[in-house]
Amino acid sequence: MRNKYSVFSLIKNALSYHENWQRAWRDPAPKKEYDAVIVGGGGHGLATAYYLAKKHNMNNIAVVEKGWIGGGNTGRNTTIIRSNYLWDASAGLYDHALKIWEGLSQELNYNVMFSQRGVMNLAHNLQDVRDLKRRTHANRLNGIDAVYLSTEEVKKFCPIINTSPDIRYPVLGGTLQRRAGTARHDAVAWGYARAADAMGVDIIQNCEVKGIKRNGDSVEGIETTKGFIKTKKVGVVAAGHSSVIANMAGLRLPLESKPLQALVSEPVKPIIDTVVMSNAVHAYVSQSDKGELVIGAGTDDYVSYTQKGSHQIVEGTLNAILELYPIFSRMRMLRQWGGIVDICPDASPILSKTSIKGLYFNCGWGTGGFKATPGSGDLFAHTIANDEPHKLNAAFNLNRFVSGDLVDEHGAAAVAH
Amino acid sequence: MFLINCPYCGERDQQEFKAGGEAHIDRPKQPTELSDDEWAEYLFMRKNIKGVQFERWNHAHGCRKWFNMVRDTSNDEIKAIYKMGEKPPAQ
């Protein structure tokens, strides 16, 4: 039984110098057999386990994680949450997630610091203007809040942006989704882990999957560094390493894994109270609660698992940031890092059954998976429990690469996820 | 970020080059005979190996010629470079 976090528990623990807080989750050894095993203890994997236990009464399940939970892309992304995607299928998927975000802290009894500070996307040329207007209309038809802003309105919403017509890529307008925003990424992993653990889910860290055992066309279990675990259902949520796991099962996926970089500045006083993204010049920025500017750069164009990217990618992003925000010209960057993102040819994710019975993949989120964490977990749990996709993730099946029914979000959405 | 020894120009910075993806995927000889599954394999499915991978690269900001590379994707170490049409080195 978990003690509830509240202002009273905070006061009570303050009186004992915070030395008696209960462990947030256990550290169990793996059992011999589970009803389902989730491979990957990031936000999506932990959310999947949480919804399997909560909505589908599957409590005899485990999450196995090669490192520590939330130590992969969950802890490396720039925490942007939005749902203003162009196509109906994507809009349904991401807005489902956004609706869960809105009540998530209460549901998990864990403050994920979800902040609906708005996300603004900038247009820098006529094609951008047309695309963003079209996307605004598409969003509204799908019930997603979106407004188109003129250059003056952009300046009013975020005064530090340089809207001079003389810059290399002038700001011609933008879109705004007010319900969008950011959340504390680590808290999302920890909150889901704590809530899943409370329902009996075993979270097994430092446990790397080495093989997937098959009996003909069905899954029988997984080989791990902590021994063999028998299970009939394996849900793989391994982000950049999805192809590595797929290769163990003799599958090929339409993915390429590439380094994506981000960086943060030294902390400063509040200066930007929203998230501003710009696809054309590939620069996006927000400010964390600690005061750091959080800046997202782009991917390298070659396959690599090194978790470090090329210097010129960061340089290009900072060039654009400085032109748009001259006020940042003397900021110093504190940290820079890379994460490995698994990119699909159509820049849309895969939440799908496979040709092997009992083997499910949740991958291909590419550069923008964080925003979908709760929705992805919910829909993937549905897919695993029922052996059928939910109607919201039916379009994101693996078979779309055979049928040709792609969800082509490349360039259509605000692709700098 | 690393240096690439272009077989035509010599050692240059990686940013002069464009990665062209997995190498030795043969274009179908009889495209009209292909099933949808075979098209999906050819067009979309990739090995995406963590480890030694065979790739195509193009010296986009140099001689603009294509060539092949053997590279370890876990540490970006280049194992071999060979011209288009040449036999890949034994792994």
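In this predicted model, A:Asp128 is in contact with A:Leu122, A:Ala123 and A:Ala280, once its neighbours within four places in sequence are left aside. The residue belongs to helix α4 of chain A, which covers residues 126-141. A:Asp128 is buried and yet takes part in no salt bridge, the nearest side chain of opposite charge being that of A:Arg135 at a distance of 8.9 Å. Since a salt bridge requires a side-chain nitrogen of Lys or Arg within 4 Å of a carboxyl oxygen of Asp or Glu, the 8.9 Å separating A:Asp128 from A:Arg135 lies outside that cut-off. A polar atom of the A:Asp128 side chain does, however, lie 2.9 Å from the backbone nitrogen of A:His124.

Over all chains, the structure holds 28 salt bridges. One of these is formed by A:Arg179 and A:Glu102, whose closest N and O atoms are 3.3 Å apart. Because A:Arg179 is placed in the loop between β7 (173-177) and β8 (181-182) of chain A, while A:Glu102 sits in helix α3 (residues 88-108) of chain A, the pair ties together parts that are 77 residues apart in sequence. A:Glu102 has a relative accessibility of 39% and therefore counts as partly exposed.

A further salt bridge joins A:Arg117 to A:Asp289, with 3.5 Å between the closest N and O atoms. This pair links distant parts of the chain, given as 172 residues apart, with A:Arg117 in the loop between α3 and β5 (119-123) of chain A and A:Asp289 in the loop between β16 (283-287) and β17 (293-299) of chain A.

Between the chains, the side chains of A:Asp301 and B:Lys18 meet in a salt bridge, at 3.1 Å from N to O. The pair runs from the loop between β17 and α8 (311-324) of chain A, where A:Asp301 is located, to strand β3 (residues 18-22) of chain B, which contains B:Lys18. A:Asp301 is partly exposed, with a relative accessible area of 25%, and B:Lys18 likewise counts as partly exposed, at 42% relative accessibility. Within chain A, salt bridges that share partners join A:Asp95, A:Lys99, A:Glu102, A:Asp145 and A:Arg179 into one network.

The secondary structure of chain B comes to 1 helix and 6 strands, and these elements follow the pattern β-β-β-α-β-β-β when read along the sequence. Taken along the principal axes, the C-alpha atoms of chain B fill a box of roughly 45 × 30 × 25 Å. Chain B has 91 residues, of which buried residues make up 34%, and among its contacts between residues at least 6 apart in sequence, 45% join residues at least 24 apart. The chain exposes about 5500 Å², with carbon and sulfur atoms supplying 46% of that area.

Backbone geometry sets apart two residues for description. In chain B, phi of B:Asn48 is near 50°, a positive value in a residue other than glycine. B:Asn48 is placed in the loop between α1 (36-43) and β4 (52-58) of chain B, and at 2% relative accessibility B:Asn48 counts as buried. In chain A, phi of A:Asp387 is near 55°, again a positive value in a residue other than glycine. A:Asp387 is found in the loop between α9 (373-386) and α10 (400-403) of chain A and counts as partly exposed, at 22% relative accessibility.

Also in chain A, A:Glu223 lies in strand β11, which spans residues 218-224. With a relative accessible area of 36%, A:Glu223 is partly exposed. When residues up to four places away in sequence are not counted, A:Glu223 touches A:Glu208, A:Val209, A:Lys210, A:Gly211 and A:Phe228. The C-alpha atom of A:Glu223 is separated by 36 Å from that of A:His410, a residue 187 residues apart from A:Glu223 along the chain.

Methods: Residues are numbered from 1 along each chain as its sequence is written. Chains are lettered from A and ligands numbered from 1 in the order in which they are written. This is a predicted model: local features need pLDDT of at least 70, side-chain atom pairs count only at pLDDT 80 or more; totals for chains, interfaces and linings use all residues. Side-chain values use heavy atoms; hydrogens and water are left out. Helices (H or I, at least four residues) and strands (E, at least two) are DSSP runs, numbered from the N terminus. Buried means under 20% relative accessible area, exposed over 50%, partly exposed in between (1.4 Å probe, protein chains only). Lys and Arg count as positive and Asp and Glu as negative; His and the chain ends are not counted. A polar contact is a pair of N or O atoms within 3.5 Å; within protein, one must be able to donate a hydrogen and the other to accept it, and residues adjacent in sequence count only if both atoms are side-chain atoms. Contact means heavy atoms within 4.5 Å. Accessible areas come from the Shrake-Rupley method with a 1.4 Å probe; for residues, only the protein chains shown count as cover.
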